Each structure stands twice: as structure tokens, then as C-alpha cells.
Amino acid sequence: MTHKTCSLHDKVGRKAVIWISILGAAPFTLLFPYCNLFWTAVLSVVIGLVLSSAFSAIVVLAQELVPSKIGMISGVFFGLMFGISGIAAAGLGALADATSIEHVFNWCAFLPLLGIITILLPRMKHT
């Protein structure tokens, strides 16, 4: 007997999951600069969970765009995501050293709003 599982991005579409995940973190990040240490820690966990919920949908969408190179696409996405994240962390650290951590928090609070560009993702057929 085979059992087929169905994930959320199979039901509503990968683009919708990516859209909801990235923009869903925006209200929490906008609160970030105004929180004390306890709520900063709580919001960090919530933001991380919300943002990470789109990771599998992003990788699968990329694999659908280049179906003949699934392994390569997976490797490139993992490498780019972790590599760019490391470079961004170093850059934000340098910016915090040059200005202040408050300045970086205020600036980063608006970064999830860049998720609006997910509207440019191609529309894929539901299967």
C-alpha cells in the first residue's frame, strides 16, 4: 500500500507559500527594534520559523524551473543561501561597528518587505 503525503505548497502552490512566509515575517521584524531583550529572543525564534517554512518550497520551485539538473540546483541553492547569509552577517556586523546596533536593527526591520518581489516569480502549474 502506498501512502501519498501532500504538503502545504502542493495544495496552495509554491509561490503562495513563499509569498506568505517571507511577507509573513514582516510584522514581527517591524516590531523588532522596539522590543526588550526577552521579546527580541522570542521574535527571533518566530521570525526564523516563519522564514524557514519557505525553504523547501523555494528549492522545489527552482528544481521545477530546471528539471534536468535537480542535484545541481539543490547544491547551488544551499551554497548560495548559506554563503550569502554569511557574507551578509559579516556586512551587517561591519555596519553595526561603523554606526550602531540600533541602526542595523532599524534597517533590518524592513528587509522582509523586499519579499514583495516574489510577485515576479513565474506561475507554475499545480500538479
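Is His103 buried, partly exposed or exposed? The numbered points below take up this residue and others in a model that is predicted.

1. His103. The relative accessibility of His103 is 38%, so this residue counts as partly exposed. His103 belongs to helix 7. In space its C-alpha atom is 9.1 Å from that of Pro33, although 70 residues separate His103 and Pro33 in sequence.

2. Overall composition. The chain holds seven helices and zero strands. Read from the N terminus, the order of elements is α-α-α-α-α-α-α. Of the 127 residues in the chain, 22% are buried. Among contacts in the chain with a separation of 6 or more, 67% are between residues 24 or more positions apart.

3. Helix 6 against helix 7. Helix 6 spans residues 70–98 and helix 7 spans residues 101–108. The two pack at an angle of about 130°, and their axes are 7 Å apart. Helix 6 and helix 7 are therefore oblique to each other.

4. Helix 6 contributes Leu92, Leu95 and Ala96. From helix 7 come Ile101, His103, Val104, Trp107 and Cys108. By class, the residues of this contact comprise seven nonpolar, one polar and no charged. His103, already described as partly exposed, is thus one of the residues through which helix 7 meets helix 6.

5. Ser74. Helix 6 also holds Ser74. With a relative accessibility of 17%, Ser74 counts as buried, since the limit for that class is under 20%. When residues up to four places away in sequence are not counted, Ser74 touches Val59 and Gln63.

6. Thr40. This residue is placed in helix 4, which covers residues 37–52. Thr40 has 14% relative accessibility and so counts as buried. Its side chain reaches the backbone oxygen of Asn36 at 2.7 Å. If neighbours within four places in sequence are left aside, the contacts of Thr40 are with Phe32, Cys35 and Phe105.

7. Buried side of helix 2. In helix 2, made up of residues 14–24, the residues Arg14, Val17, Ile18, Ser21 and Ile22 are buried. Around the axis they cover an arc of only 115°, and therefore lie on the same side of helix 2.

8. Phe55. Helix 5, residues 55–65, contains Phe55. Phe55 has a relative accessibility of 25% and therefore counts as partly exposed. Ile18 is itself among the buried residues of helix 2. Not counting residues up to four places away in sequence, Phe55 touches Phe78 and Met81.

9. Points to check against the model. Which residues does Phe55 touch, not counting residues up to four places away in sequence? They are Phe78 and Met81. Which backbone oxygen does the side chain of Thr40 reach? The oxygen belongs to Asn36, at 2.7 Å.

Technical notes. Residues are numbered from 1 along each chain as its sequence is written. This is a predicted model: local features need pLDDT of at least 70, side-chain atom pairs count only at pLDDT 80 or more; totals for chains, interfaces and linings use all residues. Side-chain values use heavy atoms; hydrogens and water are left out. Axes are lines fitted to C-alpha atoms, for helices over the stretch in contact, and angles run from 0 to 180 degrees between N-to-C directions. Helices (H or I, at least four residues) and strands (E, at least two) are DSSP runs, numbered from the N terminus. Angles under 35 degrees count as roughly parallel, over 145 as roughly antiparallel, 65 to 115 as roughly perpendicular and the rest as oblique. Contact means heavy atoms within 4.5 Å. Ala, Val, Leu, Ile, Met, Phe, Trp, Tyr, Cys and Pro count as nonpolar, Asp, Glu, Lys and Arg as charged, and the others, Gly among them, as polar. Buried means under 20% relative accessible area, exposed over 50%, partly exposed in between (1.4 Å probe, protein chains only). A polar contact is a pair of N or O atoms within 3.5 Å; within protein, one must be able to donate a hydrogen and the other to accept it, and residues adjacent in sequence count only if both atoms are side-chain atoms. The arc is that of the directions from the helix axis to the C-beta atoms.
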